[in-house]
Amino acid sequence: MATMTNENSPLLADQDRPDNFIDNDTETTPKTTSRTREVALFIWALLATAAVIVLAVWIQHNQQTTSRRVPEKRNLVMMVSDGMGPASLSLTRSYRQHVHGLPIDDTLVLDQHFWGTSRTRSSNSLVTDSAAGATAFSCGKKTYNGAISVTPDYEPCGTVLEAAKRAGYHTGLVVTTDITDATPACFASHVLMRVMEDDIALQEIGDGVLGRSVDLMLGGGRCHFLPNTTEGSCRLDDVDVVRMAKEKYNWTYADSRKGFNSLKGGNNVQLPFMGLFASNDIPFELDRRNMNDTYPSLSEMATTALRALELATADSDKGFFLMIEGSRIDHAGHYNDPAAQVNEVIEYDRAFKAVLDFIDQSNTETVLVATSDHETGGLATAIQPPGHLPVYNWYPQVLANASSSCERLTARFQDHISSNPISDSSADKIKSWVNDELIVSGLGITDATDSELDLFVEKPAEAIYHLTDIISLRAHVGWSTHGHTAVDVNIYTSDPKGLNDGSRRNVENTDVGVFLREYLDVDVEEITKELQEKMAKPDVSMLKLDAPIDEYHLRDIIG
Ligand SMILES: *[C@@H]1O[C@H](CO)[C@@H](O)[C@H](O)[C@H]1NC(C)=O
Ligand SMILES: *[C@@H]1O[C@H](CO)[C@@H](O)[C@H](O)[C@H]1NC(C)=O
Ligand SMILES: *[C@@H]1O[C@H](CO)[C@@H](O)[C@H](O)[C@H]1NC(C)=O
Ligand SMILES: *[C@@H]1O[C@H](CO)[C@@H](O)[C@H](O)[C@H]1NC(C)=O
């Protein structure tokens, strides 16, 4: 057996190889020379092999230290422009050029960081809502409209934020709507329908099966955190979530501009920190800036969050994951209010720039990826009014002349008619008040027609739409719906190479979610498993999946 091994072993076989293996054609070569050559060749082969091994180890080491799988400390900022489609960009770009007298090649900061486009459909509809849209980002999975990080079979799915927290990252959410609204909710909670905001609030502070996953929350929606015994509560139960957050989960808390200012731009934040600066939505940027700075802007909150998370991770080998949402671009789309929308998009662009500035000064590798969950409103930057020929233009000055959003004007209208009830005898007075106070002084429009004014007394509940129709018509801005559309949305990034090999393309919204978890190199499946083991099986009998959208969304923002 031993001899057989010898014969078959290639290493030993070489030693037994007849000389003519090498010297086949050189019969004159003495045997000793041949031996010397053989030894020399053997040593050469040995050295070459060693060199190859050393090289391979070095290359592999080098690959590991620069590859995705063993990341250096890194931060990831995801920005969501809720409801912003490509036409919102055209509208805002032209508006800005017009208002500031900029050249026609002047672009938004976003435009300079375009990467590609995303398809947005949900599992049960060609037109997604924000819940299914955000679940695509948070879990990387398609689900049904209304689902907050649960799959079509009603099972919870782990989110990139939860997995990041588990892996040692710090985490944050910044929004301009309720912090319990669909987009932020999808990163830190799991419920069957987005209306379950009482439950979402509890999970967000840490009162769920995973404990606390969020370190920083800034935005609106305070009413969901106050017990129903308190004025300004919108909870159905008497749970004092703010108190629970402080006492049970160690959150520090602020609910005012003064509290926001005391954060000193993020230099003075004790995590976990929750800042709820409005009862519901933070007012549209168009209104906010005329309200004595009562509310922080999106860019102020974004800058503060970045600084706070940078400081909190200064001595950590893990960075942070932060989601920043321009939440109310969507609301302006639902209302069909173009003046409110351009100002929301400009503020979103400012926040985008603030993140880029942060990246420039940061020593930690940071990638910003920004996209929308869907388009809202079916916005078109031209219309053909009924009975007219097409006009190849739209008129940004009309939007520039508006000093209030239609939402704010509608609140004034509701106040006015609650103390001046509409009747046959009061109708004319109310119409003239609407014209003077809302249309002329709020929208800067001086040619409202009688039939437009009649609508305010005939259908007062739809005042908001009467106002947005008046301004949209004059600006020649068109809308196809008060809901969402299926148009593809844009993706932007600080670093196309950070996103993939640098090639640009059209992707599925779930691909964005997969990118997030891969960039951070976190295990979302592990969280999914834990959630499915620990969460009670839901009662799905109350679900109405094909309920019209206004049953669970529009009434929040209009009602
Ligand atoms: C407040 O919540 C409690 C349960 O937590 C409920 O019994 C009570 O009816 C609620 N009150 C109101 C006014 O909704
Ligand atoms: C809250 O802080 C206290 C004191 O620092 C600590 O003992 C406790 O574990 C913390 N609780 C939670 C839920 O983090
Ligand atoms: C802003 O402050 C001024 C002066 O205190 C006050 O008159 C005005 O009503 C305030 N405006 C708003 C929108 O709160
Ligand atoms: C905008 O307002 C100015 C000043 O009130 C007015 O002269 C102008 O006609 C308005 N422009 C449009 C397009 O409404």
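How many helices and strands does the protein have? The protein has 24 helices and 12 strands. Helices (H or I, at least four residues) and strands (E, at least two) are DSSP runs, numbered from the N terminus.

This is a predicted model, in which local features need pLDDT of at least 70, side-chain atom pairs count only at pLDDT 80 or more, and totals for chains, interfaces and linings use all residues. Residues are numbered from 1 along each chain as its sequence is written, chains are lettered from A and ligands numbered from 1 in the order in which they are written, and side-chain values use heavy atoms, with hydrogens and water left out.

**View 1. The protein as a whole.** Of the 559 residues, 52% count as buried. Buried means under 20% relative accessible area, exposed over 50%, and partly exposed in between (1.4 Å probe, protein chains only). The protein exposes about 25300 Å², and carbon and sulfur atoms supply 52% of it. Accessible areas come from the Shrake-Rupley method with a 1.4 Å probe; for residues, only the protein chains shown count as cover. Take the contacts between residues at least 6 apart in sequence: 74% of them join residues at least 24 apart. Contact means heavy atoms within 4.5 Å.

View 2. Aspartate 181 sits in the loop between strand E3 (170-178) and helix H8 (182-188). Its relative accessibility is 10%, so aspartate 181 counts as buried. Beyond its neighbours within four places in sequence, aspartate 181 is in contact with Arg194 and Glu197. Threonine 183 lies in helix H8. Threonine 183 is buried, with a relative accessible area of 0%. Leaving aside neighbours within four places in sequence, its contacts include Asp82 and Glu325. Val80, Ser130, Ala134, Met323 and Asp373 are also among the contacts of threonine 183.

View 3. Why is strand E7 (residues 320-326) largely enclosed by the rest of the structure? Seven of its seven residues are buried, so E7 is largely enclosed. Both faces are covered. Phe320, Leu322, Ile324 and Gly326 are buried on one side, and Phe321, Met323 and Glu325 on the other. Strand E1 (residues 74-81) pairs with E7 in the parallel sense over six bridges. Two strands pair if DSSP finds at least two bridges between them. Valine 77 has leucine 322 of E7 as its bridge partner. E3 and E7 also run parallel, joined by five bridges. Here leucine 173 stands opposite methionine 323 in E7.

**View 4. Ligand 1.** Asn228, Leu236, Asp237 and Asp238 surround this ligand (a heavy atom of each lies within 4 Å of it). A polar side-chain atom of asparagine 228 is 2.4 Å from an oxygen atom of ligand 1. For an N or O atom in the side chain of aspartate 238, the distance to an oxygen atom of the ligand is 2.9 Å. Leucine 236 brings a backbone N or O atom to 3.3 Å from an oxygen atom of ligand 1. Ligand 1 taken alone exposes 360 Å², and the protein buries 34% of that.

**View 5. Ligand 4.** Gln397, Val398 and Asn401 are the residues around ligand 4. A polar side-chain atom of asparagine 401 lies 2.3 Å from an oxygen atom of the ligand. On its own, ligand 4 has 360 Å² of accessible area, of which the protein covers 31%.

**View 6. Backbone exceptions.** Most residues other than glycine have a negative phi, and most peptide bonds are trans. Serine 149 is not a glycine, but has a positive phi of about 45°. Serine 149 lies in the loop between helix H6 (130-138) and helix H7 (160-166). Histidine 476 also has a positive phi, near 60°. Histidine 476 is in the loop between helix H20 (463-475) and strand E10 (484-485). The peptide bond from leucine 271 to proline 272 is cis, with omega near -5°.

Key. A polar contact is a pair of N or O atoms within 3.5 Å; within protein, one must be able to donate a hydrogen and the other to accept it, and residues adjacent in sequence count only if both atoms are side-chain atoms.
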